[in-house]
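Here's a quick tour of a protein model with DNA alongside. Have a look at the structure first, then read on.

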Amino acid sequence: MSTDALPQSMVALVDCNNFYASCERVFDPALIGKPIGVLSNNDGCVIARSAELKALNIEMATPAFQVYPLQNRFGIILRSSNYALYGDLSSRVMQVLDSFSPSVERYSIDEAFLDLSGMQDSVSNICQQIACKVPIYTGIPVSVGAAPSKTLAKIASHLAKKQPGRQNVCVFEHADDPELLIWLKSLPIEEIWGIGRRLGQKLRQAGIETALQLRDTDHRWLKRNFNVLVARTALELKGTHCIHVDDAPEPRQNIMCSRSFSKTTNSLAELKEAIRFHCQIACEKLRKQNSLAQAVLVTIRTNGNRFGPQHKEARAYPLPQATDDTALILKYAQEQLELLHQPGLRYQKAGVMLLDLIPHRPMQLGLFQKEQASISEQGQKRRQLMQTMDQLNNKIGKQAVGFGLARKEANWQMKMAHRSPRYTTCWQEIPVVKAK
DNA sequence: CTGGGAAGAT
DNA sequence: ATCTTCC
């Protein structure tokens, strides 16, 4: 290689606008133009807002009970989280994005990074196409930001959304684009991707208050006085593509399922019911990503916001062998729960975590490998049972079959007073069209 | 009356 | 293990 410059890297971030609120509108157009808020699990607080709700100065994470009294006056519509719907619409959006680049990283339910390096078409063109096509195909409006690095693409997408004239697209072909520099100069340090509240404070103490300042701070100094991540972020701001688009992420290293009770409980039976539920969901996820767990951890905790005796503890238990068998994992989880549980305390939350996950490589048994076959005969049967359960649950609906009964009204079930229909994933709830 | 899940650094 | 960050 000579001194030729490396091919310019180019990353796009596609971000769904007010994703959950937009999802609610797709099958209920009456919501268009109205202030919509989507609530967290248990209908606790607002976690997504339509533009109209933002305009009413309802902040993110506002407790639901503070919004209820305003609903009538401002015509605010609140919805419980409908993850079945959001997940499905998310994969539709991702599918459309797949047609724009061979390398698409599903970064979160509503965001994706696209590697646009070395594309034939101009980056601006591609980004405009994305911003135009995704809403047509899915009903979800998106913003698209593109730049030489992920961190800059994040900033670009922010501008795409924020600045009205841009029509949801913002492209910086070069990291030294004068317009970008002006923006970096006014961008507060803690609004940069990867710099949270804590680091922001520390950086400010060191006199670094804007994105531009961070970008121009010595790399080694940052590494020494902060950490590699901050140093890397500074490089990214310079346009060096350090955080690559990862379109084939490794399987999860651990899987956690936990939830708060709608009311605290001191009943061991109720805790067991919750653990059983979480265990089954966790094991489903485990099998879905084709892994085996080597340890299971059970955690319970009382409500730390209340007075009274507190208890917050987790117990990990190493499984005798790596497994994805719900029945087995469940058995050990229940044992751990009994060891943890202190009668008389009121618990607020319970959870299960599967740890030390390793890939499961199903052995191809030869036709005459009798010995091996007999050893794993029980295992094979269990495996089939699990597979059948997963298939049924996939087909009919979450937890259609499982271990023990899942009571709809159970205390640990989510409060979901305002959930919209699962239009796309549940036969009973598909939209009905009336034609004259 | 204020969420759940995961990764990675230290 | 704990802390921090992200969405």
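A residue counts as near a strand if one of its heavy atoms lies within 4 Å of it. This is a predicted model, where local features need pLDDT of at least 70 and side-chain atom pairs count only at pLDDT 80 or more, while totals for chains, interfaces and linings use all residues. Residues are numbered from 1 along each chain as its sequence is written, and side-chain values use heavy atoms, leaving out hydrogens and water.

So what part of the DNA meets the protein? Of the DNA strand B atoms within 4 Å of the protein, 77% are sugar or phosphate, and the rest belong to bases. Around DNA strand B sit 17 residues, with Asn41, Asn227, Met256, Ser258 and Ser260 the closest.

| Protein atom | Atom of DNA strand B | Distance |
|---|---|---|
| Ser40, polar side-chain atom | sugar or linking oxygen | 3.3 Å |
| Ser258, polar backbone atom | phosphate oxygen | 2.6 Å |
| Lys349, polar side-chain atom | phosphate oxygen | 3.2 Å |

Now for the inside. A nonpolar core is a set of buried (under 20% relative accessible area, 1.4 Å probe, protein chains only) Ala, Val, Leu, Ile, Met, Phe, Trp, Tyr and Cys residues joined through side-chain atoms within 4.5 Å. The largest has 34 residues, and Phe19, Leu97 and Val144 are among those touching the most other members. Helix H5 gives the most to this core, with seven residues. A second, separate core has 29 residues, including Cys257 and Tyr332.

Note on methods
Chains are lettered from A and ligands numbered from 1 in the order in which they are written. A polar contact is a pair of N or O atoms within 3.5 Å; within protein, one must be able to donate a hydrogen and the other to accept it, and residues adjacent in sequence count only if both atoms are side-chain atoms. Buried means under 20% relative accessible area, exposed over 50%, partly exposed in between (1.4 Å probe, protein chains only). Helices (H or I, at least four residues) and strands (E, at least two) are DSSP runs, numbered from the N terminus.
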